[in-house]
Amino acid sequence: MDIAIITGASSGLGREYALKLAENFPEVNEVWLIARRKALLDELGERLSIPAVSVPLDLTNNEDIKALSRKLEEENPRVRVLVNCAGCGYLGNVAETDPELLGRMTDLNMRAMTLVSRAVVPYMPENSHIVNVSSIASFCPNARMTVYSSTKAYVSSFSLGLREELRPAGISVTAVCSGPMDTEFLDIGGIKGNSKMFRTLPYCDPKKVAAGSYKAAKADRAFYTPRVFFKTYRVLAKLLPSTLVVKLAKT
Ligand SMILES: NC(=O)c1ccc[n+]([C@@H]2O[C@H](COP(=O)([O-])OP(=O)(O)OC[C@H]3O[C@@H](n4cnc5c(N)ncnc54)[C@H](OP(=O)(O)O)[C@@H]3O)[C@@H](O)[C@H]2O)c1
């Protein structure tokens with residue numbers, strides 16, 4: 001059985017990855033949809049043209065990650081596509097943010113992404129693809145989203161390193177560095193209406209980001225950054241001193 005696994009599939013960008021999967025990877029004949037809200041996963045599964053399995057997991061919970069490992073062991077699938085999309089970001093200065101929320105960002109964005117990758121890679125054959133959802137926030141720390149941007153710097157760095165490790169096995173790894181998207185992320189993170197930066201920046205369309213990510217993965221690209229505006233920002237953030245960029249990149 002050739003499958004795909006998508007985390008964060010219940011809403012936003014992850015949902016679009018599920019909807020665009022079949023047209024991009026016809027070799028996949030089943031998809032495992034992971035998030036906490038099972039009803040949304042079931043509903044999405046019914047809309048897909050290939051069989052979907054809802055796998056309701058809280059990826060910040062160790063036992064749930066072990067449950068994924070057990071399911072892989074039992075079913076022994078060939079995982080042709082892994083999309084690590086589950087993520088969260090909360091607006092606020094570090095010293096004023098509930099420690100529980102700071103921990104949730106590091107647990108979900110870094111720890112879960114790392115451990116899900118560790119669990120899945122042994123089941124990936126040659127010509128498989130990993131898509132890790134990073135962000136433009138990975139280019140330079142964003143004050144008032146310091147922890148979030150730091151977790152995304154980890155995602156990009158992890159992806160680049162893993163890419164080299166998996167090259168001999170013929171598995172591609174692509175980090176997706178999207179700009180803002182109008183998804184639940186903005187409400188959950190307390191961002192909507194509270195950030196001048198988010199009000200000012202151009203937005204990315206999750207449908208286009210999902211399609212562009214798959215194209216980049218199939219072309220074995222290390223990074224995918226949608227929109228010329230954010231591609232330019234990526235280059236400038238590399239060229240200019242980070243002590244200057246950090247002042248301009250405040251959320
Ligand atoms: N929106 C933006 O502006 C933006 C910009 C750049 C990058 N990103 C990144 O894009 C990715 C997708 O975000 P989005 O914009 O699509 O936001 P979203 O609609 O809030 O989606 C987040 C997804 O993660 C899942 N999730 C949250 N906590 C989880 C947990 N503990 N265990 C398992 N799944 C969990 C959510 O499902 P449940 O609630 O059902 O668990 C949901 O499916 C994230 O990695 C985010 O950092 C977003």
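What covers the buried residues of helix α9 includes α1 (12-19), α2 (21-24), β5 (128-133), β6 (171-176) and β7 (223-224). This is a predicted model. Its strands include an open sheet of seven, in the order β3-β2-β1-β4-β5-β6-β7. Its largest nonpolar core has 63 residues.

**Helix α9**

- Helix α9 covers residues 206-218.
- The 13 residues of α9 should span 18 Å at 1.5 Å a residue, and the end C-alpha atoms are 18 Å apart, so the two values agree.
- Buried residues in α9 are Pro206, Val209, Ala210, Gly212, Ser213, Tyr214, Ala216 and Ala217.
- An α-helix has 3.6 residues a turn, so residues three or four places apart point the same way.
- Asp220 follows α9 and sits in the loop between α9 and β7.

**Helix α1 and Tyr17**

- Helix α1 is mostly covered, with seven of its eight residues buried.
- Those buried residues are Gly12, Leu13, Gly14, Arg15, Glu16, Tyr17 and Ala18.
- Is Tyr17 buried or exposed? Tyr17 counts as buried because it has 29 C-beta neighbours inside 10 Å, and the cut-off for buried is 20 or more.
- Leaving aside neighbours within four places in sequence, Tyr17 is in contact with Ile6, Val83, Cys85 and Ala210.
- Tyr17 and Val83 are 66 residues apart in sequence, yet their C-alpha atoms are 7.9 Å apart in space.

**The sheet**

- The seven strands of the open sheet have parallel pairing.
- The edge strands are β3 (52-56) and β7, and each pairs on one side only.
- Strand β2 (residues 30-35) pairs with β3 in the parallel sense, over five bridges.
- Val31 stands opposite Ala52 in β3.

**The nonpolar core**

- In soluble globular proteins, nonpolar side chains tend to be buried together.
- Which residues have the most contacts inside the largest core? They are Ile5, Ile6, Val31 and Leu33.
- Helix α5 (residues 99-120) gives the largest share of this core, seven residues.
- Beyond its neighbours within four places in sequence, Leu33 is in contact with Ile6, Ala9, Ala18, Leu41, Leu44, Gly45, Ala52, Val53, Ser54 and Val55.

**Two residues with positive phi**

- Most residues other than glycine have a negative phi.
- Asn76 has a positive phi, near 45 degrees, and is found in the loop between α4 (62-75) and β4 (78-84).
- Asn76 is exposed because it has 8 other C-beta atoms within 10 Å, and the cut-off for exposed is 12 or fewer.
- Asp220 also has a positive phi, near 55 degrees.
- Asp220 counts as partly exposed because it has 14 C-beta neighbours inside 10 Å, a count in between the cut-offs for exposed and buried.

Note on methods
Residues numbered from 1 in each chain as written. Predicted model: local features only at pLDDT ≥ 70, side-chain atom pairs only at ≥ 80, totals over all residues. Helix = DSSP H or I, 4+ residues; strand = E, 2+ residues; numbered from the N terminus. Expected span 1.5 Å × (residues − 1). Contact = placed C-beta atoms within 7 Å. Core = buried A, V, L, I, M, F, W, Y, C linked by C-beta atoms within 7 Å. Pairing = 2+ DSSP bridges.
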